[in-house]
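Dear colleague,

Please find below the structure that I am handing over to you.

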Amino acid sequence: MKRITAIAGAALLAAGVAACSGGGDGAATSGAGTTGQTTQAAAGFQEQHKGGTLRLLAKAGDGTLDPHINYSNGQWQIFQALYDGLVSFRKVGGKAAYDIVPDLAKELPQVGADGKTYTFTLRTGVKFSNGDPVTVDDVVASFRRIFRISGPTSGTFYSGIVGAAECVKKPAGCTLDKGVVADAAANTVTINLVAPDSEFLQKLALPHAVVLPKGTPAKDQGTTPIPGTGPYKVESYNPNQLMKLVRNPNFTEWSRDAQPQGYPDEIDYNYGLTSEAAVTAVENGQADWIFDPLPADRLTEIGTSYEQQAHVNPLAAFWYIPVNVNLAPFDKPEARQALQWAFDKNALVKMFGGANLAQPACTILPPSFPGHADFCDFSQQDLAKAKQLVQQSGTAGQEVSIVVADDDVSKQIGEYARSVLEQIGYQAKVKVISTNIQFTYIQNSKNKVQLSVSQWYADYPAASNFLNVLLSCASYHPGSDSSINISGFCDKDADAKIAQAMKLDQTDPAASGKLWGEIDRELMQKGPIIPLFNPKQIDFVSKNVGNYQFHAQFHALLDQMWVK
Amino acid sequence: MIGYILRRFGAAVLVLFAISVLVFLIFFATPGVDPAARIAGKNADPATLAQVRASFGFDRPLPVQYVLMMKHLFVSHDLTSFVNRGTLVIPQIIDAVPVTLSLVVGAAVIWMVLGVGMGTLAGAMRGTLVDPLVMLLGVFGVSLPVYWLGEVVNLITQKQLHGSVFSWVPPLGYAPLSQGVGQWALHLLFPWLTLALLYAGIYARLLRGELINALNEDYVRTARAKGLSERRILIRHALRCSLIPIVSLFGLDFGALVGGAALLTEVVFGLPGVGKLTYQALQNLDLPVIMGTVLYAAFFVVLANAVVDVLYARLDPRVRRA
């Protein structure tokens, strides 16, 4: 998943996003000024902090309220307090957040010996916010709905369900009758897969697989709230002004791990202030939390005068340069290797705001991410070596352009890359285009983009979410605006290894982790991607906010913040 | 006269049509904007992409898509945003209009009072120190860009002096009239002043020039000869004639601002008006909303122009035959 940056502000962000350490385990990093402060919640709900209104700010609403469709960071975070799937990520700060826990299912599913059947027993007594009980029929209907509405991940995350392939092509009549089977008497739902999938439970824990009432129409519900099972419900939503959440009267806590009750009585998400104005509002105590990344020129002030209110956490994400391996000069492996040596990653970190905000990246998989191996084959910038490699490749003097978005950081990186490319022997220029179209523009092979600057945020904690998604033949679609393998890299050997690692994930996670690390290393040598740095998230909260917890997958747990 | 009015409005409709076609074509001519790819989500499966393309009608020829969009906008009134899906475009604009109207009407009152006051003062006190001082103030107002001035006003009222002098200033944003006139006015006070300053400066300078010309006219000399008081000459005779160009300029400015030209003020002060909506839609490249707001803005500008033209024609028969 790619997320458009701060400066972009666009509402069509993507989401997922994860980080390696959360507030809860005290892993908040501290740097020049901005220090992570964490209030560790004592185990259990603290009644005395219940109540009040939590006021959140964002530049703009983040699109449809339909959890089966919305694929944006902001809405995924809010959905945590609204909806539940059969399973969920544990809702705590720290590393435990990557654990899958049973949610609407009573316990983790029984998986068949072949790894292809998952049987869930549904919890009883859970109700939607409209008062209807959650039944196995709702679960089946929800899975059908993912396909009937052509959900964004229906053809990728959930394509392994038996019958999914037909459903993706013909959404209207989708039944999944062999894929998702309910047994009302036993209160169970069985999901049959075409092939074993080690990431299936993680995919089920994402908002695209939450359980909605069976009567929910099979079309995007837009701004109309769909009843959910979480501790809150949406009372009103206007993406230009306000989203108002109030307590779900039918909610009783069934699992503190999966869906803890929230502290504030009401959550108001106000849209419209610029991030500059939002920072001031939080400083003045007029608001409690800001969604958008903070403006760089306010960081010093926050770090010095409001240190206690800032929380810094690394993200499972990276900024990178996709290198088009199908266009000259980077169709030559030596030319791509030259690029790996060409960049000073510390300089790039500075452009992003310094060590507080990012760390240099040596690998495709971010640090502390599953499969990450601690190697750094291109540790130092080495312009002489890069130049020599360019000479060897016989591409010196060719014209190269790098396409960047028009936010400040990307423009700086573009300019820096231009000077580096000149130094190593190319005629380079920067093309700056609107942030709103850059991401789709660079994906389309018709636009003949040689180099660009992009970002990727993990959808869920699995190595394949970087390596398989960004660099497999399957995600390269020539001539389409939707071709996330921006490099156009399609290598049969690498594909085979990725498939092998994904298979190994099911049986031997330790061995697969090692294999992922090797694949990462090989791909770095082949050079379809130049990782630049791994960004960090800074959350700035008001003085009255307590119990800030950073969830590695969905970021700050908003309903766990207390304001009393 | 009726014929002229009909011709004039026929031309206005043609202009609106041309603008809508232009917006539509620019959108689809831009590479990287495939709305289906953006709606389908990152890394969407090609089959999903094809489904989305078909269900939104993006696979149909452009003229058909254009006609469908216009049909949704003007006939069935159910055009929805591409980005905030399910959000109807027309209600969004209707929601935003009261905010923009509140901002623009309030600011207009302030700038008319200030502009006319300053212009008259400078014109009447010509030759004294007051004239250049007032005009300097006017230039000052004209030369401060709204987005900069707004940020500085925010810096002072929301931050530097928020703890002391300006602790009474409410947070940025809009308070509808339903929360009481007091809150409404308090939230809008600084946006009004910020927006009004620019126009007050322009109007003051314009009025001063007109007034000085008028004061040299024969009819003023006649009035003086008849022994009228200077004040009466200034207010009843000279100012009255000088106001005619001001009023027509006001018509155009007001039309443009209601149409969304107060965008910068709205963005800086977090007011969810038409300008803000346009800004947001442009940021997201949300074609239906851009189309809606651009046509809305163009409508007001064209309407204001047409009204002014018709008024001129009413006043000056020569225009009708032109």
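The notes below cover the backbone of chain A, its strand pairing, and then the helices of chain B. Please bear in mind throughout that this is a predicted model.

The peptide bond between A:A328 and A:P329 is cis, with omega at about 0 degrees. A:P329 sits in the loop that runs between β13 (317-322) and α7 (333-342) of chain A.

A:L176 is not a glycine, yet its phi is positive, at about 55 degrees. This residue belongs to the loop between α3 (164-169) and β6 (180-183) of chain A. A:K448, also not a glycine, has a positive phi of about 50 degrees, and its place is the loop between α11 (435-443) and β17 (451-452) of chain A.

Are these two residues buried or exposed? A:L176 has 22 C-beta neighbours inside 10 Å and therefore counts as buried, the threshold being 20 or more. A:K448 has 11 such neighbours inside 10 Å, so it counts as exposed, the limit there being 12 or fewer.

Strand pairing in chain A

Strand β10 (residues 266-271) of chain A pairs with β1 (residues 53-58) of chain A in the parallel sense, over 6 bridges. With strand β9 (residues 242-247) of chain A, β10(A) pairs in the antiparallel sense, over 5 bridges. A:Y269 of β10(A) takes part in both pairings: it is the bridge partner of A:L56 and of A:M243.

Helices of chain B

An unreviewed UniProt entry lists several spans of chain B as "transmembrane region", among them residues 96-117 and 241-269. In the model, residues 96-117 of chain B are 100% helix and 0% strand, with end C-alpha atoms 32 Å apart. Residues 241-269 of chain B are 93% helix and 0% strand, and their end C-alpha atoms lie 37 Å apart.

Helix α7 (residues 146-160) of chain B has 15 residues and reaches 20 Å from first to last C-alpha, close to the expected 21 Å. Its buried residues include B:L149, B:G150, B:N154, B:T157 and B:Q158. These lie on the same side of α7(B), because they cover an arc of only 135 degrees around the axis. The elements covering them include α5 (275-283) of chain A, as well as α8 (181-215) and α11 (263-268) of chain B.

With kind regards

Conventions. Residues numbered from 1 in each chain as written. Chains lettered and ligands numbered in written order. Predicted model: local features only at pLDDT ≥ 70, side-chain atom pairs only at ≥ 80, totals over all residues. UniProt positions renumbered as here; feature names shortened; annotations may be inferred. Helix = DSSP H or I, 4+ residues; strand = E, 2+ residues; numbered from the N terminus. Expected span 1.5 Å × (residues − 1). Arc of directions from axis to C-beta. Contact = placed C-beta atoms within 7 Å. Pairing = 2+ DSSP bridges.
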